Amino acid sequence: MNETLLLTALTIITAATPLVYAAIGELVVERSGVLNLGIEGMMLVGAVCSFAAAHYSGAASLGIVAGIMAGMLMAALFAFLTLKLQSSQVATGLALTIFGIGVSALIGQSFVGIAYSGLQPLPIPVLSEIPVLGRLLFNHDVLVYGSFVLVALVSWFLKRTHAGLILRSVGDSHNAAHALGIKVIRVRFMATLFGGACAGLAGAYLSMVYTPMWVENMSAGRGWIALALVVFAVWQPGRLLLGAYLFGAISILQLHGQALGINVPSQLMSMLPYLVTILVLVLISRDRGRIRRNAPASIGQAFHPTT
Amino acid sequence: MVFHGSLKQAAFAIAAVLSIGVVNAQSDDPTKVGFVYVGPVSDHGWTYRHDLGRQAIEAQFGDKVETTYVESVPEGADAERVIRNLASSGHDLIFTTSFGFMNPTVKVAKDFPDVKFEHATGFKREDNVSTYAARFYEGRSVIGTMAGMMTKTNTIGYIASFPIPEVVRGINAFTIAMRKVNPDATVKVVWVNTWYDPGKEADAAKVLIDQGADIITQHTDSPAPLQVAQERGVFAFGQASDMSAFAPESQLTSIVDDWNSYYVERTAAAIDGTWASTDTWGGIDTGMVAFPEYGVNVPDDVRAAAEVIREGIIDKSIHPFQGPLKDQAGEEILAEGEIYDDGVLLGMNFYVEGVQGDLPK
């Protein structure tokens, strides 16, 4: 039974990691005042590019780099359109998703039906020898460790650094930030690129670890879940991590419940991850003041430097 | 009389000439065949197999046909728009290849009486709407037999999509065949409520293996569960196409959908004007349900037993739903020697003995 619990926990980690990556990137993007609805598209392009790079080179590290670069390239396109050409962020983000689905399918045509051995785990010496705990925490691939480090870094960056303060100020009031001499467009451009890199990493995780292969539209809506997680986590990295793991845990536990023969309709079980995650995050965020403090006030608004 | 006869013959001759003229006019203008797919053509499963059928039509008829397809069409309001688009853009024959396209297909068909429609896996027909499906449950009898013989934990994991008769029938056919060779084995079913989500399918496979299943079978479309099986060192069956590339050691065999001959036949009928609304439900004997080579880890006796079932189903000496059958409570639902007719099979909404858990309604 202990073994089953451990394996369940490991499955939960795999299910949550792509959400953590995609959502933490979007969190930074939104904190800078930009709403990028194109996560799904960036993830898919990241997934196919990292699969392609890993497949051709045989090096997983190149696959990861390719995923990051591809996500950033997509984000750069979005940033150019919305920040330079002032197109609508909502419409452009949606278009980016549709574009990403299509272009990833096009790139991936020749990779369908090809298996990939996957990114190998990287046990941390000594620590991974601890019974149970070692396997639970210290015997993962580099992307899982990276997701925790990334959340901690983003949290530290936003709360404790000067650059983080600048980023938040741009998100809260671009006019005030502009008046203070902050380069609003540049800050938002960087934030959007960071979001793209994270979405690309999420995609790389999908095609190299979660299900090491390329199939069209393999993200299957995870980009949208990530987007929702950011809002329900009230733009706070810690809560976002909690939300992603909660979602992952309920998704896996409901499958376990079904396999154990618990007498609850499976349709209801499939709804559970969404219901519970939303409910928990709404409950812990009841404090309106907290939402007001954390929600970027100028999210989604175009910035015209002249005004 | 003679005069009458020759007049009649003349009339026939004129009619024949006219009809040849019509046929010629048609063959100058290629017959347009449209396909509506629920998934992407590169899913390596359900939609991929339908697209091979489309390619078979092109290979067979060359310039005489023109095929188009629309992929990843959601089952719902969007489907009607897509089907209507195909119908109004001069398509002569339209295949809609998912159960959820049934109502939109019938609705559009009423507005386009001259266009011929073929709907896969549904049950609503019109003068210009045929239905076709394959008896995949026959294939599940074969793999159920193999699973029953090869399981060591006596637990089989079954990843199911939606609780519709097609899927329930597959679970039951699998279980019946499995219990015939191994009465102690049971089937654990997990419903993922999607046809296609590689991540979720992989999660379900992991969960089932963690709960003791040593053979995984699926009624979803991606090869992700096989990949998990390969990684965890358990066996699995492919779905819709040969998925051994993803599980070279683990795949025992696969139930392959083969629509090629049906699609070619129906297109030929549309071209020469003999197309009529029909209901086709083809099994292993028609080639619609096929198997690739057995996997490297299938022992000889299992291989032989699987062949016995396969050949028995072809020559009708074995029926996948043959009594005596019991329901989950152990009550007899079908007496010795009796066989469920197609009506029961098409509406199947109960589990047989050997399946764990309750069927979601």
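**Getting to know chain B**

In this predicted model, 64% of the chain B contacts between residues at least 6 apart in sequence join residues at least 24 apart.

User: Which domains is chain B divided into, and how far apart are their C-alpha centres?

Analyst: Domain 1 of chain B covers 29-134, and domain 2 of chain B covers 136-256 + 291-346. Between the C-alpha centres of these two domains the distance is 29 Å.

User: Which helix gives the most to the side of domain 1 of chain B that touches domain 2 of chain B?

Analyst: Here 12 residues of domain 1 of chain B are in contact with 12 residues of domain 2 of chain B. On the domain 1 side, six residues are nonpolar, four polar and two charged. The most, three residues, comes from helix H2 (residues 46-61) of chain B.

User: Is strand S1 of chain B mostly covered or mostly uncovered, and how many of its residues are buried?

Analyst: A residue counts as buried if 20 or more other C-beta atoms lie within 10 Å of its own. Strand S1 of chain B spans residues 31-36, six in number, and is mostly covered. The buried residues in S1(B) number five.

User: Which strands pair with S1(B), and in what sense?

Analyst: One partner is strand S2 (residues 65-70) of chain B, joined to S1(B) by six bridges, with B:Val36 standing opposite B:Val70. Another is strand S3 (residues 93-96) of chain B, with four bridges, and there B:Gly34 has B:Ile94 as its bridge partner. So that the sense is clear for each pair: S1(B) with S2(B) is parallel, and S1(B) with S3(B) is also parallel.

User: Which element gives the largest share of the side of chain B that touches chain A?

Analyst: In this contact, 30 residues of chain B meet 35 residues of chain A. Elements giving two or more residues on the chain B side are strand S7 (186-191), helix H7 (198-210) and helix H8 (224-232). The largest share, nine residues, belongs to H7(B).

Methods:
Residues numbered from 1 in each chain as written. Chains lettered and ligands numbered in written order. Predicted model: local features only at pLDDT ≥ 70, side-chain atom pairs only at ≥ 80, totals over all residues. Contact = placed C-beta atoms within 7 Å. Domains from an automatic or database assignment. Nonpolar A, V, L, I, M, F, W, Y, C, P; charged D, E, K, R; others polar. Buried ≥ 20, exposed ≤ 12 C-beta atoms within 10 Å, placed from the backbone. Pairing = 2+ DSSP bridges.
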